[in-house]
Amino acid sequence: MKTSKRQLTFVADLNKCIGCQTCTVACKKLWTTGPGQDYMYWRNVETTPGKGYPKNWQTRGGGYKGGELQKGEVPPMIDYGVPFEFDYSGRLFEGKPGRVRPSPTPRSAPNWDEDQGSGAYPNNHFFYLPRMCNHCTKPACLEACPNDAIYKREQDGIVMIHLDMCKGNKACVKSCPYSKPYYNPQTQKSNKCVGCFPRIEKGIATACVAQCVGRAMHVGFIDDPMSSVNKLVRQWKVALPLHPEYGTEPNVFYVPPVLGPGMEDGVGSVSDQPKIPLSELQGLFGPDVQEVMKMLKMEREKKLKGQPSELMDTLIGRRSADMMLSPLT
């Protein structure tokens, strides 16, 4: 596999993601309104802990183990959530009795368990996890495709599917441990996030980043030392890949959520034990989480004391332009 000259990289600050789904809607309206794409959400925001989208995607295999490609499972349609509609016109204009109900009866959806999380009040917890194709350095989907239909763009590292060459055998769906390629039953080809490459080619941020109301997203080229993604991933090392053990070397990184307030007892006394278990974050982002927490705490304390902190200024992102890519030139 040829390596790309440059690599487009994303960082999501999970301390700022508010789960509003604006990025989800922006992506959906821009890219997946065609036949057979009803159930596809190339970009989605999950509640963690939770089953995610598709349901239980973290248990379906794929990726690499010991450097060897692993075959996973194709999720059944029910785990994506069969698209449903509401018969508003029947109730509003045709006099149909009863309440408006979805049809078919929904059994799952991309945000089916939104805001549920884990634990019981007042010690319940959850956070939001925006997900998309990771445009991996070592994409399992590319290696698994028997028709050479998947390639990595040399100019920006975006992983693409050549639809004219795709035969729809679902090898990419089985091999991706993040469940981000989707089989289109109408066209009998696979579809996936295209990294908003027409926007990138013009030096414009991807729709998901541009529309993020919480300014939780960063995008840029990892080799650009002035980019916020370079600072967060390489300089400060506070942004980590999701499930690095899958071996695909993702190019979407996450600033883990701070552990937050401690557990409370029956009278409201707060302990030193955080509500979000450190082990839970390590299971998602690997063993480096603990060092990231120390760094974030130290830099936050500096900022609270009125001292300068380039890291905190980068994460705050007062100007959205500072969080997006520089022109390709």
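Reader: Which helix gives the most to the nonpolar patch?
Author: Helix 3, residues 88-93, which contributes three residues to the patch. Bear in mind that this is a predicted model.

Reader: Which residues form that patch, and how much accessible area do they have together?
Author: Phe86, Tyr88, Leu92, Phe93 and Val100 form the nonpolar patch on the surface. Together they have about 560 Å² of accessible area.

Reader: Take Leu92. Where does it lie, and is it buried or exposed?
Author: Leu92 lies in helix 3. Its relative accessibility is 61%, so Leu92 counts as exposed, the cut-off being over 50%.

Reader: Arg91 next. Which side chain does it meet in a salt bridge?
Author: That of Asp87, with an N to O distance of 3.3 Å. Arg91 is partly exposed because its relative accessibility is 28%. Asp87 is also partly exposed, with a relative accessible area of 25%.

Reader: How many salt bridges does the count come to?
Author: The count comes to 15 salt bridges.

Reader: What about Lys302, which partner does its side chain meet?
Author: Glu299, at 3.4 Å from N to O. Both residues lie in helix 10, residues 289-304, and they are three residues apart, about one turn of the helix.

Reader: Why does Glu299 count as buried?
Author: Glu299 has a relative accessibility of 3%, and buried means under 20%. Lys302, at 26%, counts as partly exposed.

Reader: And Lys303, what does it form a salt bridge with?
Author: Lys303 pairs with Asp313, and the closest N and O atoms are 2.6 Å apart. This pair links distant parts of the chain, with Lys303 in helix 10 and Asp313 in helix 11 (residues 310-316), ten residues apart. Lys303 is partly exposed at a relative accessible area of 30%, and Asp313 is partly exposed at 35%.

Reader: Which residues do salt bridges with shared partners join into one network?
Author: Arg60, Glu73 and Asp79.

Reader: In which sense do strand 1 and strand 12 pair?
Author: Antiparallel, over five bridges, with strand 1 covering residues 8-13. In one of the pairs, Ala12 has Met217 in strand 12 as its bridge partner.

Reader: How many residues of helix 8 are buried?
Author: Six of the eight, so helix 8 is largely enclosed by the rest of the structure. The buried residues are Ser228, Val229, Asn230, Lys231, Leu232 and Val233.

Reader: What do those buried residues pack against?
Author: The buried residues of helix 8 pack against strand 1, strand 12 and strand 14, and also against helix 11. Helix 11 also holds Asp313, the salt-bridge partner of Lys303.

Reader: Last one. Which residue takes a positive phi just after helix 8?
Author: Lys237, with a phi of about 55°.

Terms used
Residues are numbered from 1 along each chain as its sequence is written. This is a predicted model: local features need pLDDT of at least 70, side-chain atom pairs count only at pLDDT 80 or more; totals for chains, interfaces and linings use all residues. Side-chain values use heavy atoms; hydrogens and water are left out. Patches are made of residues with over 30% relative accessible area and no salt bridge: like charges are joined within 9 Å, nonpolar side chains (Val, Leu, Ile, Met, Phe, Trp, Tyr) within 5 Å. Accessible areas come from the Shrake-Rupley method with a 1.4 Å probe; for residues, only the protein chains shown count as cover. A salt bridge is a side-chain nitrogen of Lys or Arg within 4 Å of a carboxyl oxygen of Asp or Glu. Helices (H or I, at least four residues) and strands (E, at least two) are DSSP runs, numbered from the N terminus. Buried means under 20% relative accessible area, exposed over 50%, partly exposed in between (1.4 Å probe, protein chains only). Two strands pair if DSSP finds at least two bridges between them. Contact means heavy atoms within 4.5 Å.
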